[in-house]
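Here are some short notes on the model, for checking against the coordinates.

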There are 2 protein chains.
Amino acid sequence: VAELRAVVFDVFGTLVDWRSSVIDEAAAAGERAGRTADWAAVVDDWRRAYPPALERARREPVWRDLDALQRETLDDVLTRHGVDLPPDEREVLVRAWRRLRPWPDTAPGLERLRTGPATATLSNGHVALLVDLLRFGGWRVDTVLSAELAQSYKPDPRVYRRAAQLLGCAPEEVGMGAAHAGDLVAAAEVGLRPLFVRRPDEWGTGAAEEPPDLPGLVVADDVADLAAQLGC
Amino acid sequence: VAELRAVVFDVFGTLVDWRSSVIDEAAAAGERAGRTADWAAVVDDWRRAYPPALERARREPVWRDLDALQRETLDDVLTRHGVDLPPDEREVLVRAWRRLRPWPDTAPGLERLRTGPATATLSNGHVALLVDLLRFGGWRVDTVLSAELAQSYKPDPRVYRRAAQLLGCAPEEVGMGAAHAGDLVAAAEVGLRPLFVRRPDEWGTGAAEEPPDLPGLVVADDVADLAAQLGC
């Protein structure tokens, strides 16, 4: 593997376990509000509404942050599931995306990795959300980068280019770490090195996504394994 | 003191000792190149050329980073001092601003402070420079923010407003920590809470700047003292 000066990471699913965290919060919100539902199904559908919502948001003239988008998609999903949750509990769930548990290897893996290349997030979550999320989970990168800084959303190529530019790197000097093939395909198109991290538990199924077929792809079992493969 | 949700910090002089660090690097560069000079005077004049260079840069149509500006001002200063340093050693000195030693209280003070409000840099140094600087000095904030993210330079009010916005805060919820009155006056005009940190050794004189006369001003002897005064 040619030496990388920086590695940026997708966050939801790659570094943090959004699913079990949000299901727990949804069940607790339902309990408080006296509502029952198949919360796992609600949360999975909420997450499935996320890529198309980002795709629509990218075509809007004014950039809106993830909280705004998640408020809309949550309302839709709750309606579809016939669940009537009060507004304050909906807001608790929108804010739950700041309280996602990191995967067990995330904090130690990043500590090991950042002895080599600089590390950063590169998430569709906005900076304020990511700052809260890192503080909540107690893990560390050298800086927080977000699609917000390109006023767009992944997989827009401008997001990856902006990250490399802010890190003072050519795209080829930056690795993109993600558990999602689409993210890596888009990053590789811009010139970033694709680093696939298997996350079989992201959807609670035990089956990780298939790694994309990309030249120079690194496939790792977790962040610590990635650090080892990158010589850290 | 009303509770702050975030504190952003000036870096050069406030968190790191640029002067002794750059003088050491300049003396070493001179040694390698076989040039003698009053390196302390060169470095002090270089630093004095910094505010007017930023002021000029703010009026330029295309934003340029600190490396570009420091290259120009270093050439001017060396000419004025009659010092002929080869290009590669000049570049070493431009890059020396990524290798500035933190003040002794910086790392532990920030660790203590960030148990309360979120912490960030808010420097005229660009993101890539700051990432290197934090990695070099081994100190930590929750994220790196820079005037670069507003495509301007302090004391432009847009820099402070952009920082508050990226942190998801109203200006009143953000403290600005700096050893320089001008920075705090500009931040306070936008609504940030001014937090003055005395740095009597910034210019090697033993005399800190006078704190500005601002409502709600907090005056601290160092970052650890600031953390204590903010209840952390």
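1. A residue counts as buried when its relative accessible area is under 20%. The structure is a predicted model, and the points below should be read as such.

2. T119(B) has a relative accessibility of 1%, so this residue counts as buried. T119(B) lies in strand β4 of chain B, which spans residues 118-121. Beyond its neighbours within four places in sequence, T119(B) contacts V7(B), L113(B), R114(B), V141(B), D142(B) and T143(B), and also R135(A) of the other chain.

3. In chain B, helix α1 (residues 18-33) and helix α2 (residues 39-48) have axes that come within 9 Å and cross at roughly 125°. The two helices, α1(B) and α2(B), are therefore oblique to each other. Their crossing is right-handed. On the α1(B) side the contact is made by W18(B), R19(B), V22(B), I23(B), A26(B), A27(B) and G30(B). On the α2(B) side the residues are W39(B), A40(B), V43(B), D44(B), W46(B) and R47(B). By class, the contact of α1(B) with α2(B) has 9 nonpolar, 1 polar and 3 charged residues.

4. The largest nonpolar core has 157 residues, and F12(A) and F12(B) touch the most other members. Leaving out neighbours within four places in sequence, F12(A) is in contact with W18(A), Y50(A), L66(A), W97(A), L100(A), L129(A) and L133(A), among others. The contacts of F12(A) also include R47(A), S123(A), G125(A), H180(A) and E202(A).

Technical notes
Residues are numbered from 1 along each chain as its sequence is written. Chains are lettered from A and ligands numbered from 1 in the order in which they are written. This is a predicted model: local features need pLDDT of at least 70, side-chain atom pairs count only at pLDDT 80 or more; totals for chains, interfaces and linings use all residues. Side-chain values use heavy atoms; hydrogens and water are left out. A nonpolar core is a set of buried Ala, Val, Leu, Ile, Met, Phe, Trp, Tyr and Cys residues joined through side-chain atoms within 4.5 Å. Buried means under 20% relative accessible area, exposed over 50%, partly exposed in between (1.4 Å probe, protein chains only). Contact means heavy atoms within 4.5 Å. Helices (H or I, at least four residues) and strands (E, at least two) are DSSP runs, numbered from the N terminus. Axes are lines fitted to C-alpha atoms, for helices over the stretch in contact, and angles run from 0 to 180 degrees between N-to-C directions. Angles under 35 degrees count as roughly parallel, over 145 as roughly antiparallel, 65 to 115 as roughly perpendicular and the rest as oblique. A crossing is left-handed if the near helix is turned anticlockwise from the far one by less than a right angle, and right-handed if clockwise. Ala, Val, Leu, Ile, Met, Phe, Trp, Tyr, Cys and Pro count as nonpolar, Asp, Glu, Lys and Arg as charged, and the others, Gly among them, as polar.
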